[in-house]
Amino acid sequence: MSGISKRFPGVTALDSVSLHAGRGEILALVGENGAGKSTLIKILAGIHQPDSGTIRIEDRPVVIRSPREAAQLGIGIIHQELEVIDSLDIAANIFLGREPVRGFLRLIDRKRIEGDTEAVLDRLNLRLSPRTLVGDLSTAHQQMVEIARAISLNANILLMDEPTSSLTLNETRRLFQVVRDLRAAGVSIIYISHRLSEVEELADRVEVLRDGRNAGSLSRQAIRHDEMVRLMVGRDLSNFYTSPELPGEEVSFAVTGMRTRRYPQSEVSLEIHRGEILGLAGLVGAGRSELAAAIFGVDPPLSGNVILGKQSVTINSPHDAIRHGIYLVPEDRRSFGLITEMTVRENITLPALENYSAAGFIRKSLEETVARKMSADLRIKTPSVETEVSSLSGGNQQKVVLAKWLSLGPKVILFDEPTRGIDVGAKAEIYQLMRQLADSGVAVLMISSDMEEILGNSDRVAVMHDGRISGVLDRSQCTQEAIMRLAVA
């Protein structure tokens, strides 16, 4: 790709960017959210058309007008956000739009689809039936279905946009082996990840984008965490994490004897002291997200009490939780935290429209005032508050979710994987915001599978295993080994 430029209304996403990948090379593409990484590979995948620039494959100039044309050219893509259809099974998702047919009536050949699906799943070491509904799978397994679909294309060029964002450590290791096998088979892989440790381990070369331009490249020997960060954001790693303050003794929020539908036999009790961030660690499937959903009333608990300050409150629905100032920032922001077809303004004001209405009519001017203030306070990069959320980067979408709740004056915020798919610069901003919230008296519960995130931001850490709290560690006790011992207890 040479001299690629792309402009959207009010935003220059790419400014004369160039990129090349050799046969059988893993090229990592890194940069902050909004740097232009996803836009660049969407152009290569035929989703966007460049305003200028050229693309050559095997030294032959090509014009890619659609994803179908990209696939015909041997280009496959794994998207950052899940692109699966819940109501279809795994086999149907993997071969959607390219189903093999048989016979005079050209009926879909289900037997062949299921056989080919089993072969791809075996390659990923996934013990799943091709007939399993995707809607019944965990987020991690849905991500693996996305990966299986891309691999099934037998692509010569594979674009991977945050492929491990929802995967467990074992699934990530499995994927890495598949990526190395593909490299050995001559496949060119363009790999986008905010997990720089993955890039260090996997990449043959790194290309860095900053503000829609090429910021530099690193050969295999020069790939180091600090050097990538320097090219990406131009500041030192020591500025990324804010040192936690000592929490007070007063309990500002507590859950006692709570049983979720996922783990009906296990009771959970925890408390958050005033001024502290309580980290909630554990392996995928331990019941952390289910606990957050129960507290917020998305999936009301079978039993238990929620105590705010010194008062017990009843939460049977998200409306009840919002009324009491208890808010959830969900793991899957696009599905559960935002309405992406709506604007920044509409998303920020949606939970409390009564605050912006008079005589039953929405006062748009009041909405705009609040949305602009929150956008400025959180440094949301958007052309205007009337921009559709779907066009924003992942980090800025997460900030819109936060702006929605912060505009209401929270008492408790539950962060479920708060920086999933977010770059190192935006992570630092969100960590700083969590600390400011805790210092101002907001009870902060941070659920995370990122050990660096847990260790770098938690004042205490509660660890879950099989739907129960297996232990709580003070700051001085928090080590990766201590947390993992409790996570597998």
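**Entry 1**

I started in strand β24, where Leu-473 is the bridge partner of Val-461. I note here that the model is a predicted one. The partner strand of β24 is β23 (residues 460-465), and I found 6 bridges joining the two, which run antiparallel.

I then looked up the sheet they belong to. The sheet is open, has 6 strands in the order β18-β21-β22-β15-β23-β24, and its pairing is mixed. Its edge strands are β18 (326-329) and β24 (468-474), each of which pairs on one side only. On average, neighbouring strands in this sheet are turned by 20 degrees against each other, direction ignored.

I went back to α14 by itself. Helix α14 covers residues 394-406, and its 13 residues reach 18 Å from the first C-alpha to the last, close to the 18 Å expected at 1.5 Å a residue. I recorded α14 as mostly covered, with 13 of its 13 residues buried.

Next I took helix α15 (residues 424-439). Its 16 residues should span 22 Å at 1.5 Å a residue, and I read 23 Å between its end C-alpha atoms, which agrees. I count 12 of the 16 residues of α15 as buried, so the helix is largely enclosed by the rest of the structure. The buried residues of α15 include Val-424, Ile-430, Tyr-431, Leu-433 and Met-434. Lys-427 and Arg-435 are also among the buried residues of α15. After α15 comes Gly-441, and its phi is positive, near 105 degrees.

**Entry 1: the four-stranded sheet**

I looked up another open sheet, this one of 4 strands in the order β14-β13-β16-β17, with antiparallel pairing. The edge strands are β14 (268-273) and β17 (311-313), each pairing on one side only. Neighbouring strands of this sheet are turned by 20 degrees against each other on average, direction ignored.

Within the sheet, strand β13 (residues 251-259) is joined to strand β16 (residues 303-308) by 5 bridges, and the two run antiparallel. I found Phe-253 opposite Leu-308 in β16. Helix α9 (residues 288-296) lies across β13 and β14, and it runs at about 110 degrees to β13.

I picked Ile-307, which is also in strand β16. Is Ile-307 buried or partly exposed? Its relative accessibility is 25%, so I wrote it down as partly exposed, since buried requires under 20%. Leaving out residues up to four places away in sequence, Ile-307 touches Ser-252, Phe-253, Ala-254, Thr-256 and Ser-312. I also checked Val-370, 63 residues from Ile-307 along the chain: their C-alpha atoms are separated by 30 Å.

**Entry 2: helices α5 and α6**

I wrote a reminder first: two packed helices are described by the angle between their axes and by the distance between the axes. Helix α5 (residues 139-152) and helix α6 (residues 169-184) pack at an angle of about 10 degrees, and their axes are 12 Å apart. I therefore call α5 roughly parallel to α6, as the angle is under 35 degrees.

From α5, the contact is made by Ala-140, His-141, Met-144, Ile-147 and Ile-151. From α6 I listed Glu-171, Arg-174, Leu-175, Val-178 and Leu-182. The residues of this contact divide into 7 nonpolar, 1 polar and 2 charged.

I looked at which way the residues of strand β6 (residues 75-78) point. Ile-75 and Ile-77 point one way, Gly-76 and Ile-78 the other way, and all are buried. In general, the side chains of a regular strand alternate between the two faces of the sheet. Strand β6 pairs with strand β9 (residues 157-161) in the parallel sense, over 4 bridges. The bridge partner of Ile-75 in β9 is Ile-157.

Ser-5 has a relative accessible area of 5%, so I recorded it as buried. Not counting residues up to four places away in sequence, Ser-5 touches Leu-14, Asp-15, Ser-16, Pro-50, Asp-51 and Ser-52.

Terms used. Residues are numbered from 1 along each chain as its sequence is written. This is a predicted model: local features need pLDDT of at least 70, side-chain atom pairs count only at pLDDT 80 or more; totals for chains, interfaces and linings use all residues. Side-chain values use heavy atoms; hydrogens and water are left out. Buried means under 20% relative accessible area, exposed over 50%, partly exposed in between (1.4 Å probe, protein chains only). Contact means heavy atoms within 4.5 Å. The expected span of a helix is 1.5 Å times one less than its number of residues. Two strands pair if DSSP finds at least two bridges between them. Axes are lines fitted to C-alpha atoms, for helices over the stretch in contact, and angles run from 0 to 180 degrees between N-to-C directions. Angles under 35 degrees count as roughly parallel, over 145 as roughly antiparallel, 65 to 115 as roughly perpendicular and the rest as oblique. Ala, Val, Leu, Ile, Met, Phe, Trp, Tyr, Cys and Pro count as nonpolar, Asp, Glu, Lys and Arg as charged, and the others, Gly among them, as polar.
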